[in-house]
Amino acid sequence: MRRAMRVDVVSIFPDYLAPLDLSLIGKAREDGLLDVRVHDLRDFTHDRHRTVDDTPYGGGAGMVMKAQPWSEALDHVLAQDNPSRAKPRLIVPGPGGQPFTQTLARELADEPWLAFACGRYEGIDERVYDHAREDLGLEVSVVSLGDYVLNGGEVAVLAMVEAIGRLVPGVIGNAESLVEESHEDGLLEYPIYTKPASWNGREVPAVLLSGNHGAIAAWRHEQRLARTAERRPDLLHASHAAPDGGDVVISAATPGDVPELAVLMRACWVQEAVANDTLDIPALHESLDDVRASLETTQTWVARSGGRLVGAVRTSAGGSDDDWFVGRLCVAPDLQGRGLGRRLLEHAESTAPDGIRTLTLHTGARSTDNLRMYKKAGYRLVDTVAPIAGAVTLVKRRRR
Ligand code: JD8
């Protein structure tokens, strides 16, 4: 049983964090996946008025939170149920902090213990940050929810704990659904529909009723591109927008592509060789003539952006009449992780003739990014022995 991620939150408004008792996070706490503890900062004051703030040195508007209550609150958190004297990562929400992003959420979701300090008023005495870093030895991160001003850190902590908590294994039942989310791979989500197929004179797009999963995947990817270009062009990367402003173009390879194709494949399979600790990979031992000859025996597609060959994939008949083999899927190292590989894969799938029932491909057993992308695209590992040592075979059933 994976140890629960511990989350401590200190605030002068502990009831503000009550929503963490609800829904997915509430369930995850009941299931022992998250151990969320909320502490009232005023419990660490000793005067009748339970004072946590005072006027700012140097003058100015508003009040500043006093250091002593914070110091005692942090001591309490570190002492509670911590025989191994472990140290949490301290996250302090603040409008001037590093932006909170899905990437940071994923990073923090791997931490065993997070502590959140909710400031109020004008903020917290600066010496508390120094004390936490230098005296308590904590990693302290000031993180901002966004470029607008809130009255305190509580709302930010609610959002951060939800975004982080839902990435903890087991919190979201169907981890698959995590993969296709906005910001997960840099693109916004595609439009979604449910019954009835016709509502208020409006129809569900026909492709979604077709059962053709290749076509559905292609439509959804195009929708994600279009929405991202319209609403968040800042998220669109080189792989989606060519330097010359045109979109990436996928076309059938020609002999003229061979030199660039050979270089690209060599570069990409050096990466695979490192990841899988083997040089026994055909692409590393092929000559230009071998690549040129492969254009005769396979259908090779190349992707160009601004005239640069940035990706490729090839297809051929598979191990049986109704099997289609997809191979040599590669993307220029500097453009990886932005969806071009998925586009090339969907393109390769879409070229499979009718009658094809399965799509087969191989990749390195330790090629984690490739495996994630293929599983996301619907491929499943099969225990068929791959033709290359250290490789695995993945198959995708093609819907009728
Ligand atoms: C923590 C005090 C209020 C902020 C004077 C208004 C985050 N994205 C974000 N916007 N605002 C915050 C935030 C605001 C906070 C505190 C976070 C503690 N305030 C202060 C400075 C100006 N008042 C935030 N994350």
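Reader: R89 first: buried or exposed?
Author: Buried. This is a predicted model, and in it R89 has 7% relative accessibility, so R89 falls under the 20% cut-off.

Reader: OK, and which side chain does R89 meet in a salt bridge?
Author: E139, at 3.5 Å from N to O. The pair links distant parts of the chain: R89 sits in strand β5 (residues 89–99) and E139 in strand β7 (residues 139–144), 50 residues apart.

Reader: How accessible is E139?
Author: E139 comes out at 45% relative accessibility, so E139 counts as partly exposed.

Reader: Which residues are networked with R89 through salt bridges?
Author: E107, E111 and E139 are linked with R89 in a network of salt bridges.

Reader: Switching topic. What does R328 pair with?
Author: The side chain of R328 meets E286 in a salt bridge of 2.6 Å, N to O. R328 is in strand β13 (residues 323–331), while E286 is in the loop between α8 (258–276) and α9 (288–297).

Reader: Are R328 and E286 buried or exposed?
Author: Both are buried.

Reader: And where do R292 and D289 lie?
Author: Both are in helix α9, 3 residues apart, which is about one turn of the helix.

Reader: Why does D289 count as exposed?
Author: Because its relative accessibility is 54%, and exposed means over 50%. R292 has 35%, so R292 counts as partly exposed.

Reader: Last one: how many salt bridges does the structure hold?
Author: The structure holds 18.

Terms used
Residues are numbered from 1 along each chain as its sequence is written. This is a predicted model: local features need pLDDT of at least 70, side-chain atom pairs count only at pLDDT 80 or more; totals for chains, interfaces and linings use all residues. Side-chain values use heavy atoms; hydrogens and water are left out. A salt bridge is a side-chain nitrogen of Lys or Arg within 4 Å of a carboxyl oxygen of Asp or Glu. Helices (H or I, at least four residues) and strands (E, at least two) are DSSP runs, numbered from the N terminus. Buried means under 20% relative accessible area, exposed over 50%, partly exposed in between (1.4 Å probe, protein chains only).
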